[in-house]
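Subject: Structure handover

Hello,

Here is the structure for you to look through. Please open it first, then read my notes.

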Amino acid sequence: MPRPSARNRVIAAAQEVFAEEGFVGATTRAIAARAGIAEGTLFRHFPDKRALLAAVLGPFARDVVAPEVTRQVLALLERDHDSLEAFLAAIVDDRLDLLARHPAWFRVLLQEALLQPELRRVLEEHVAAVLVPPFERACEKLQSRGLMAAVPPRRALRLMSGVVGGYGLFRHILAPDGPWDDEAERREMLRFLAKGLAP
């Protein structure tokens, strides 16, 4: 089988290094070494690290991030939950686990989604479009059983995302070295969401 081109090896290596180190921590030297080429060869294909990031982000979000972000939670959304609290705990725990396992992804995607329209399109197509319909069905099931307030499901999703995403922003980006009590934060998030979404 023919060896991938130098450009393709650089893109594959950059996906790995950006995921591990984030954009700021990643160096072109480390990416070139991972790709098995000289740093000068990398610059023949990409003028700088930002150009490399732009080439990597769409495929990275589609091929690496989207499957990881959607895999576990889809099964949780299809399951029947005995209570609003059980539903919220399953979803919040899954998302907190994802943030804890991939803080570098979260940093890069949050920063770059503001600057890269292509990244926003990929995330919409491969994450939001996949997760929103089953989330709506799960909310409608809970509402039909009288377990959840009659909040439009997309609004409930935004509220939950705001609470969990806000925590992730402070926990993994703004103050990662703070005196965090993650279990207490989780309990308060669940209490806050359960009260707000209770029927």
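First, the ground rules. This is a predicted model, so local features need pLDDT of at least 70 and side-chain atom pairs count only at pLDDT 80 or more, while totals for chains, interfaces and linings use all residues. Residues are numbered from 1 along each chain as its sequence is written, and side-chain values use heavy atoms, with hydrogens and water left out.

**The core**

In soluble globular proteins, nonpolar side chains tend to be buried together. A nonpolar core here is a set of buried Ala, Val, Leu, Ile, Met, Phe, Trp, Tyr and Cys residues joined through side-chain atoms within 4.5 Å. Buried means under 20% relative accessible area, exposed means over 50%, and partly exposed is in between (1.4 Å probe, protein chains only). The largest nonpolar core has 64 residues. V10, F18, I31, L52, F87, L88 and L197 have the most contacts inside it. At least two core residues come from each of α1 (6-25), α2 (28-35), α4 (49-78), α5, α6 (103-113), α7, α8 and α9. Helices are DSSP runs (H or I, at least four residues), numbered from the N terminus. The top contributor to this core is α4, with twelve residues.

Look at L197 next. Contact means heavy atoms within 4.5 Å. Leaving aside neighbours within four places in sequence, L197 is in contact with L84, L88, M148, A149, V151, A156, L159 and M160.

**Aromatic pairs**

How many aromatic pairs does the structure hold? There are two. Rings of Phe, Tyr and Trp (its six-membered ring) pair if their centres lie within 6.5 Å; planes under 30 degrees apart count as stacked, over 60 as edge-to-face and the rest as tilted.

F87 and F135 form a tilted pair, 6.0 Å centre to centre with 45° between the planes. This pair links distant parts of the chain: F87 is in helix α5 (residues 84-101) and F135 in helix α7 (residues 117-144), 48 residues apart. Both F87 and F135 are buried.

Y167 and W180 pair edge-to-face, at 5.7 Å centre to centre and 85° between the planes. Y167 counts as buried because its relative accessible area is 11%. W180 is partly exposed, at 26%.

**The cavity**

A cavity is a set of points on a 1 Å grid over the protein atoms alone, where a 1.4 Å probe fits but cannot get out; lining residues have an atom within 4 Å of a point. Grid points are joined across faces, edges and corners, and a volume is the space filled by probe spheres set on the points. The whole structure has one cavity of 30 Å³ or more. The largest cavity holds about 50 Å³ of space. L77, R79, D80, H81, A138, K141, L142 and R145 line it. Helix α7 gives the most to this lining, with three residues.

**Two alanines**

A175 is in the loop between α8 and α9. It is partly exposed, with a relative accessible area of 30%. Not counting residues up to four places away in sequence, A175 touches F170 and W180.

A55 lies in helix α4 and is partly exposed, at 24%. A55 and Q15 are 40 residues apart in sequence and 9.9 Å apart in space, C-alpha to C-alpha.

Best wishes

How values were computed
On a 1 Å grid over the protein atoms alone, a cavity is a set of points where a 1.4 Å probe fits but cannot get out, and a pocket is an open set with protein on both sides within 12 Å along at least five of seven lines; lining residues have an atom within 4 Å of a point.
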